[in-house]
Amino acid sequence: MKKLNDDCRYCSVVSQANREDPIGTAGTVDEWLLVEVPQPWKTDLWQEKPQFQPLLQVVEKLASQPLRYFKTRLLAIAPNKIHTHPELVRIFHYKRPAKLFAQYTKQEYLLPLAEIAPLAEAILFQPRQLIHFQTYQQPTANIREILICTHANYDRACGRFGYPLYQQLQKKYATATENLRVWETNHFGGHQFAPTLIDFPNGQVWGHLELDILDCLIYRQGDVSQLRPFYRGWTGLSKFEQIAEREIWMQQGWNWLEYPKSGRILAQEPGGIVKMLLKPIFNNLPFPKLKLLVARWNEQATWAKVGINYNGGEYSALVKQTGTVTTKLKSGDDVPLTRVNQYAVEKLRKID
């Protein structure tokens with residue numbers, strides 16, 4: 001899809017030309033809230049859509065619960081003429097159902113604009129109140145939703161490379177595949193990997209996508225190793241766990257996607273030292289933001305030993321930094337290049 005001699009103002013062109021591995025960049029998310037928002041979308045689309053301010057105020061209440069706030073994502077999806085109701089707004093809620101899981105649970109609602117904020121309040125803070133929204137609920141748990149970032153006003157690479165991918169997926173796959181819908185979405189991170197998408201309900205994130213691997217991704221047939229360079233990771237895991245999980249998937253094949261699983265960090269450096277020194281007080285810290293800062297520092301570790309538990313066993317893996325590559329984190333002529341760490345799994349062992 002992208003040529004190495006393309007315009008290097010695009011961050012994704014620089015990233016792909018320098019062979020930046022996207023694995024481990026999916027983010028860790030327990031809960032997704034997806035809302036239909038009419039285009040055009042400016043850079044900060046929520047602030048520039050006054051009709052959605054009541055919804056934004058509800059979501060921002062999560063800031064008082066930082067650990068939950070940073071694992072909850074609000075995304076906009078663009079209405080499309082195939083699925084959108086002209087007078088109602090569609091909302092998806094995807095939630096991690098348990099510690100070990102393979103897919104997010106899904107609830108879909110189609111309701112008037114005035115009901116969006118009260119629904120979000122019920123979803124996020126008062127689940128017992130969801131009974132009042134049952135008439136708006138849609139029986140679509142069996143439908144797979146593909147979201148492609150096309151938010152060009154946030155980063156031009158997402159428009160340049162994301163929108164053609166959206167068109168191809170809509171034309172070739174959504175219209176010919178039962179129980180598959182394709183949506184444009186706003187920025188969800190990683191525009192240097194454009195075109196990038198999220199595959200629900202399993203929550204896998206992809207980047208640097210090319211047209212000739214779409215059959216493999218959509219139909220889940222063929223050699224899974226074809227998808228290795230495009231996999232950003234599974235959002236049910238953290239960074240180093242995602243890197244290990246890719247290696248396991250490459251060994252296990254397609255059946256791996258059906259296994260409930262979870263991950264944990266067993267040891268790591270250098271960030272792990274911080275937690276070790278704070279261990280006497282770490283678990284009782286009254287400041288969730290401090291815990292988040294330590295967690296982010298931990299993400300810069302040069303190595304980590306992780307455990308991946310699944311329905312039937314456990315793997316341990318040693319993930320180590322192998323070097324750095326030069327990339328561009330945002331498109332533009334005046335955006336400086338930066339170096340990012342690259343990692344690989346050195347030891348992967350199945351524990352009996």
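This is a predicted model: local features need pLDDT of at least 70, side-chain atom pairs count only at pLDDT 80 or more; totals for chains, interfaces and linings use all residues.
Alanine 301 is buried, with a relative accessible area of 0%; buried means under 20%, exposed over 50%, and partly exposed in between, with a 1.4 Å probe and protein chains only. This alanine lies in the loop between α9 (288-298) and β12 (303-310), where helices (H or I, at least four residues) and strands (E, at least two) are DSSP runs numbered from the N terminus. Valine 319 is 18 residues from alanine 301 in sequence, and their C-alpha atoms are 9.8 Å apart in space.

Residues are numbered from 1 along each chain as its sequence is written, and side-chain values use heavy atoms, with hydrogens and water left out.

The predictor's confidence in each residue, pLDDT, runs from 0 to 100. The chain has a mean pLDDT of 91, and 89% of its residues reach 70 or more. Over residues 1-6, however, the pLDDT is below 50, and this stretch has 19 contacts in the model beyond near neighbours in sequence; a contact means heavy atoms within 4.5 Å.

Let me turn to the cysteines. How many disulfides are there, if one is a pair of cysteine sulfur atoms within 2.5 Å? The count is zero. Cysteine 149 is in no disulfide, and the nearest cysteine sulfur, that of cysteine 158, is 3.6 Å away. That distance is too far for a bond. Cysteine 149 is buried at 3% relative accessible area, and cysteine 158 counts as buried at 3% as well.

Next come the charged side chains. Side chains of opposite charge can pair when their charged atoms come close. With a salt bridge taken as a side-chain nitrogen of Lys or Arg within 4 Å of a carboxyl oxygen of Asp or Glu, the whole structure has 16 salt bridges.

One of them joins arginine 9 and aspartate 333 at 3.9 Å, N to O. Arginine 9 sits in the segment before α1 (11-17) and aspartate 333 in the loop between β13 (313-327) and β14 (338-351), 324 residues apart. Arginine 9 is partly exposed at 34%, whereas aspartate 333 is exposed at 61%.

Another salt bridge pairs arginine 246 with aspartate 21 at 2.8 Å, N to O. Here arginine 246 is buried at 3%, and aspartate 21 is partly exposed at 21%.

Note on methods: A disulfide is a pair of cysteine sulfur atoms within 2.5 Å.
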